[in-house]
Amino acid sequence: MPESPESFVGWIKRNVVGLEEVPARDRIVNLSTSGVHTATVDTWFERTCRDRLPHLIDRMAATNEFGLPALKAAIRQRYRVPEDREIYLSAGASAAYRLICESLFAGSGGLEVLVESPTYQPLAILPPRYGAKVVDVPIPLKRAPGDLAAEFGRAVRPSTTALVISNLHNPTGSFLTRDELGQVARAVTAVAPKVTIIVDEAFLGLGPEPFRTAADLDPCIVTVSSLTKTFGLGQLRCGWVIADKARYPQLLDDWIQFESIGSKILEALSLIAFAQLDTLLQESLGHLATNRQLLAAGMDRLIQSGLLEGEIPTSGCLYFPRWKGRTPLDLVARRLQEEFGLLVSPGRFFGEGCVDHFRIGFGGAPDGIRKGLDRLTRGMQAIA
């Protein structure tokens with residue numbers, strides 16, 4: 001069944017498939033996707049299977065009925081997860097989030113979930129699939145310390161079941177410190193002691209504290225993450241949930257019922273990847289440093305001419321500027337695609353107050369980023 005026209009992920013998939021179907025000479029430059037994709041990631045799987053096949057076979061010896069134990073131990077060590085937190089493996093961060101939503105919301109009906117706005121659309125549309133009621137909590141695009149705690153503190157009620165945030169934030173790339181996350185936890189648990197704070201940490205590795213999960217800050221905090229966005233290893237489908245064992249005992253049974261078991265081959269490959277995370281992270285950060293310079297140079301002319309506004313974030317691989325021209329952004333995006341060969345993500349997918357924004361992902365190849373930014377400049381100047 002096709003995705004709804006308002007589904008961001010469906011929109012992305014349809015466009016990406018469409019891009020692959022045209023000849024290379026006519027191909028549209030795609031700045032709509034997220035995550036980092038370095039040159040070495042393209043050959044990682046081939047090199048690993050060629051050079052480390054015996055290691056892969058050795059790592060498949062243990063049972064993975066509850067997830068490969070060595071992989072869970074590697075996650076625990078790398079992200080400093082305390083023993084009173086459990087790790088549940090999943091097929092990527094999206095599956096991890098779905099597991100939490102099923103466990104917390106399914107079968108209850110009408111539970112209130114607060115979601116920051118703007119946000120990555122699937123974080124907002126999944127809870128209602130399980131009967132929950134989502135309440136958008138507007139957060140300033142240019143955040144100041146304490147903003148998140150203040151806004152959620154005003155919105156939370158004793159009946160609130162959960163709130164959902166992302167760190168690094170998608171789509172702006174802003175970073176929340178552990179102190180800020182602690183403030184959020186204190187503010188909302190003072191009103192709703194049984195509330196759950198779900199933190200999507202898919203982009204955390206591209207921030208100032210790449211391996212410092214928020215899962216140990218408070219028992220009410222549940223986190224999801226994966227090897228996809230930071231390290232470019234989406235083909236491994238390696239994601240996980242981290243949750244307090246005592247507060248969420250039902251998650252184990254829910255994982256058994258909903259996940260059953262993962263792929264032992266992919267889990268063993270992910271374990272090999274964990275041994276290389278420092279190298280992979282440095283490659284990602286160096287790659288982004290180059291691309292961020294390209295982005296700053298490419299945006300400067302549009303910002304100086306008054307067509308765009310928005311600071312480029314110092315962390316992450318996403319940029320969410322505001323279009324200041326008179327033409328509606330949706331029409332601008334359509335013309336950029338049809339007339340200038342460039343795909344960007346319209347802001348309407350991220351929240352009601354974002355119709356004049358758009359998201360750029362700058363984690364791809366530098367040549368593609370450079371070409372895309374050139375088309376963006378020419379296109380926006382022509383449209384304006």
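Helices and strands here are DSSP runs, numbered from the N terminus. The model you have open is predicted.

**Stop 1: the sheet**

Start with the strands. Select β2, β8, β7, β6, β5, β3 and β4; in that order, these seven strands form an open sheet with mixed pairing.

Strands of a sheet pair through backbone hydrogen bonds, either parallel or antiparallel. Both senses can be found here. For the parallel case, select residues 196-200 and 221-226: these are β6 and β7, joined by four bridges.

For the antiparallel case, move to β8. Its pairing with β7 is antiparallel, over four bridges. Ser-225 has Trp-240 of β8 as its bridge partner. Then turn to β2, which pairs with β8 over seven bridges, again in the antiparallel sense. Here Ile-87 sits opposite Ile-242 of β8.

**Stop 2**

How many of its seven residues are buried? Seven of the seven are, and the strand is mostly covered. In a regular strand the side chains alternate between the two faces of the sheet. In β8, Cys-238, Trp-240, Ile-242 and Asp-244 point one way, while Gly-239, Val-241 and Ala-243 point the other.

Step back to Arg-237, in the loop between β7 and β8. Most residues other than glycine have a negative phi, and most peptide bonds are trans. Arg-237 has a positive phi of about 50 degrees. With a relative accessible area of 38%, Arg-237 is partly exposed.

**Stop 2: helix α3**

Select 69-78. This is α3, which lies across β2 and β8 and runs at about 120 degrees to β2. Colour Leu-71, Lys-72, Ala-74, Ile-75 and Arg-76, which are buried. What do the buried residues of α3 pack against? Their partners are β2, β8 and α9 (264-274). After the helix comes Arg-80, with a positive phi near 55 degrees.

While α9 is in view, find Ser-260 in the loop between α8 (250-258) and α9. Ser-260 is another non-glycine residue with a positive phi, near 70 degrees. Its relative accessible area of 44% makes Ser-260 partly exposed.

**Stop 3: helix α4**

Select 93-105. Check the length of this helix, α4: at 1.5 Å a residue, its 13 residues should span 18 Å, and the end C-alpha atoms are 18 Å apart, which agrees. Is α4 enclosed or open? Of its 13 residues, 10 are buried, so α4 is largely enclosed by the rest of the structure. Among the buried ones are Tyr-97, Leu-99, Ile-100, Cys-101 and Phe-105. Just after α4, Gly-107 takes a positive phi of about 85 degrees.

**Stop 5**

Go to β3 (residues 112-117) and select Ser-117. Ser-117 counts as buried because its relative accessibility is 15%, and the cut-off is under 20%. Beyond its sequence neighbours, Ser-117 contacts Asp-136, Val-137, Pro-138, Ile-139, Phe-350 and Gly-351.

Now show the backbone from Ser-117 to Pro-118. This peptide bond is cis, with omega near 10 degrees. Pro-118 lies in the loop between β3 and α5 (121-129).

**Stop 6**

Select Asn-167 and Leu-168. The bond from Asn-167 to Leu-168 is cis, with omega near 0 degrees. Leu-168 is in the loop between β5 (160-166) and α7 (178-189).

Keep Asn-167 selected. Which residues line the largest cavity? Asn-167 is one of them, and the list also includes Phe-175, Leu-176, Arg-178, Glu-201 and Arg-212. The largest cavity holds about 40 Å³ of space. The structure has two cavities of 30 Å³ or more.

**Stop 4: Pro-346**

Finish in β13 (residues 345-346), where Pro-346 is found. Pro-346 is buried, at 3% relative accessible area. Leaving out residues up to four places away in sequence, Pro-346 touches Trp-11, Leu-329, Asp-330, Ala-333, His-357 and Phe-358. Draw the C-alpha distance from Pro-346 to Leu-329: 7.1 Å, across 17 residues of sequence.

Note on methods. Residues are numbered from 1 along each chain as its sequence is written. This is a predicted model: local features need pLDDT of at least 70, side-chain atom pairs count only at pLDDT 80 or more; totals for chains, interfaces and linings use all residues. Side-chain values use heavy atoms; hydrogens and water are left out. Two strands pair if DSSP finds at least two bridges between them. Helices (H or I, at least four residues) and strands (E, at least two) are DSSP runs, numbered from the N terminus. Contact means heavy atoms within 4.5 Å. Axes are lines fitted to C-alpha atoms, for helices over the stretch in contact, and angles run from 0 to 180 degrees between N-to-C directions. Buried means under 20% relative accessible area, exposed over 50%, partly exposed in between (1.4 Å probe, protein chains only). The expected span of a helix is 1.5 Å times one less than its number of residues. On a 1 Å grid over the protein atoms alone, a cavity is a set of points where a 1.4 Å probe fits but cannot get out, and a pocket is an open set with protein on both sides within 12 Å along at least five of seven lines; lining residues have an atom within 4 Å of a point. Grid points are joined across faces, edges and corners, and a volume is the space filled by probe spheres set on the points.
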